[in-house]
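Hi there,

Here is the structure I promised to pass on.

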Amino acid sequence: AFVQPVAWRGEVCGAIVIGHRVARRASDEERKDTRELADRVAVAVSSAWRDKQLYVQAHFDTITGAPNRLLFKDRLELEIVRSHREGLTFALLFIDLDHFKNVNDSYGHTTGDAVLREAAARIQLCIRASDSLARLGGDEFTVLLTNLADPQEAWLISETIVAALSREFVAGEHRCFLSASIGIASYPADGGSAEELLKCADTAMYRAKAKGRGQAVFYEQKMNEEAVARVSLDRDLRVALQRGELVLHYQPLWDLRSGAIVSAEALLRWNHPTRGLISPTRFITLAEDSGFIETLGQWIITEACRQVRAWRGQGIQLRHVSVNVSPRQFRRRGIVEFLRRSVEEAGIPAQCLQIEITEGLLVERGEAVEAMLDEIAAMGHGIALDDFGTGFSSMAYLKRFPVHYIKIDRAFVEGLEHSADSEAIVSAIIAMSHALGKLVIAEGVETEEQAMLLRSLRCDHAQGFLLSRAVPAADFTMLAALPRAAGVLA
């Protein structure tokens with residue numbers, strides 16, 4: 001036999017073997033022809049390799065090795081055709097890893113990629129051989145569950161996936177815990193095309209997140225209607241500023257000892273031209289999710305500074321006007337410079353503008369936020385900790401962060417005069433805050449009995465309907481001109 005290696009770029013990829021029944025030596029011409037054939041085969045092999053590589057790059061995820069969006073959509077469309085022809089039912093799972101961004105931010109993308117590979121491996125172990133897993137991008141995965149006898153099978157598999165992804169992830173020296181939110185859409189009940197089913201599963205996944213994350217939720221038609229309404233509301237919100245539909249109302253805070261109005265909280269109101277007054281709890285959440293809260297927050301700060309300047313020009317000297325600052329606004333250090341520029345352009349002292357934050361901000365981004373709050377406090381702005389007592393309340397926060405005011409949540413003030421437990425909690429918060437040199441504000445004060453009890457507990461300031469709701473600036477001007485808060489015991 002005569003053997004001619006087939007080589008491409010220095011790598012042997014095969015061989016051509018020419019055998020004879022009897023021993024004979026290949027001629028030079030035969031050797032030359034064989035080498036030329038081997039070169040042609042090598043070119044053909046390299047072309048096949050390149051085609052295979054291009055196919056893999058186009059159809060498979062480079063991090064997890066799972067099919068990508070393109071290949072998954074092809075498989076989904078084929079399954080729709082097959083299920084339609086044979087009268088079968090299948091389900092589509094849309095899986096999103098909860099808080100995965102924190103992994104990349106905290107440990108880097110190398111660790112994040114390792115977690116994604118492990119997540120894909122865990123999901124693969126939870127599904128059957130006939131099912132298809134894909135990574136759509138980011139931290140989003142999809143699973144195609146075929147030949148289902150009952151839609152509840154999809155829910156059981158989803159729960160298994162949620163449990164698998166809730167276990168600890170170990171990537172090198174780093175350890176972290178995640179969870180997963182899963183949306184489930186079924187064929188043919190929820191859609192007849194790949195686009196419809198992906199959209200429905202995605203909508204259901206966001207419903208799972210809204211319900212608390214770490215769970216699986218089926219798609220319902222009303223979810224789509226809500227999604228359409230949400231998109232419409234988000235679009236309207238983005239033009240509401242230009243249309244003058246957004247205004248600030250101001251709720252007074254009064255001194256429980258003297259009864260005098262000492263400060264105000266600026267609260268955003270949206271009067272929609274067709275939907276009427278829209279609850280802030282609805283559109284603020286929408287702005288948070290869409291990222292528009294940063295633009296909205298800057299407008300609130302600018303408008304509050306402008307109003308403080310106007311009041312000071314009228315002789316109304318409040319200690320401060322407070323504005324709520326979203327945790328999202330603290331994702332960039334620009335908030336510090338924006339506050340500095342806002343008070344300078346308005347020509348007011350920094351202490352006239354106070355910011356209100358929530359405990360969740362301190363928990364999520366402790367060290368990064370601490371540096372920014374220290375700088376804000378050094379500029380002269382007051383800082384109030386809102387809704388104290390309802391979240392991750394900790395004395396460590398009061399000691400560590402430059403907080404000047406503690407706001408007791410209305411949940412403890414409501415029924416205060418009838419609940420010994422509430423009174424004990426409020427008394428403890430006031431004593432603890434005073435021991436640390438903080439002033440205390442009680443929210444949601446609605447009765448004179450509550451005001452009297454809070455004053456006896458040495459609470460400093462109060463805010464609530466007993467004095468006034470949040471009112472337009474013109475109405476607040478009249479309130480602030482009173483020598484003391486009318487109708488409030490002092």
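Let me start with a pair of helices. Helix α3 (residues 100-107) packs against helix α4 (residues 109-126) at an angle of about 145°, and their axes are 7 Å apart. Axes here are lines fitted to C-alpha atoms, for helices over the stretch in contact, and angles run from 0 to 180 degrees between N-to-C directions. On the α3 side the contact is made by Phe 100, Val 103, Asn 104 and Tyr 107, and α4 brings His 109, Thr 111, Gly 112, Val 115 and Leu 116; contact means heavy atoms within 4.5 Å. Sorted by class, that contact has five nonpolar, four polar and no charged residues. Ala, Val, Leu, Ile, Met, Phe, Trp, Tyr, Cys and Pro count as nonpolar, Asp, Glu, Lys and Arg as charged, and the others, Gly among them, as polar.

A word on the source: this is a predicted model, in which local features need pLDDT of at least 70 and side-chain atom pairs count only at pLDDT 80 or more, while totals for chains, interfaces and linings use all residues. Residues are numbered from 1 along each chain as its sequence is written, and side-chain values use heavy atoms, with hydrogens and water left out. Helices (H or I, at least four residues) and strands (E, at least two) are DSSP runs, numbered from the N terminus.

Next, the sheet. Five strands form an open sheet in the order β4-β5-β3-β8-β9, with mixed pairing (two strands pair if DSSP finds at least two bridges between them). At the edges are β4 (132-137) and β9 (216-218), each pairing on one side only. Strand β8 (residues 179-187) runs parallel to β9 and is joined to β9 by three bridges; Ile 184 has Phe 218 in β9 as its bridge partner.

What lines the largest cavity? The lining consists of Val 308, Trp 311, Arg 312, Ile 316, Gln 317, Leu 318, His 320, Val 321 and Cys 352 (lining residues have an atom within 4 Å of a point on a 1 Å grid over the protein atoms alone, and a cavity is a set of points where a 1.4 Å probe fits but cannot get out). Helix α9 gives the most, with three residues.

Finally, Glu 449 sits in helix α16 (residues 448-456). Glu 449 counts as partly exposed because its relative accessibility is 47%, between the cut-offs for buried (under 20%) and exposed (over 50%), with a 1.4 Å probe and protein chains only.

Best wishes

Note on methods:
On a 1 Å grid over the protein atoms alone, a cavity is a set of points where a 1.4 Å probe fits but cannot get out, and a pocket is an open set with protein on both sides within 12 Å along at least five of seven lines; lining residues have an atom within 4 Å of a point.
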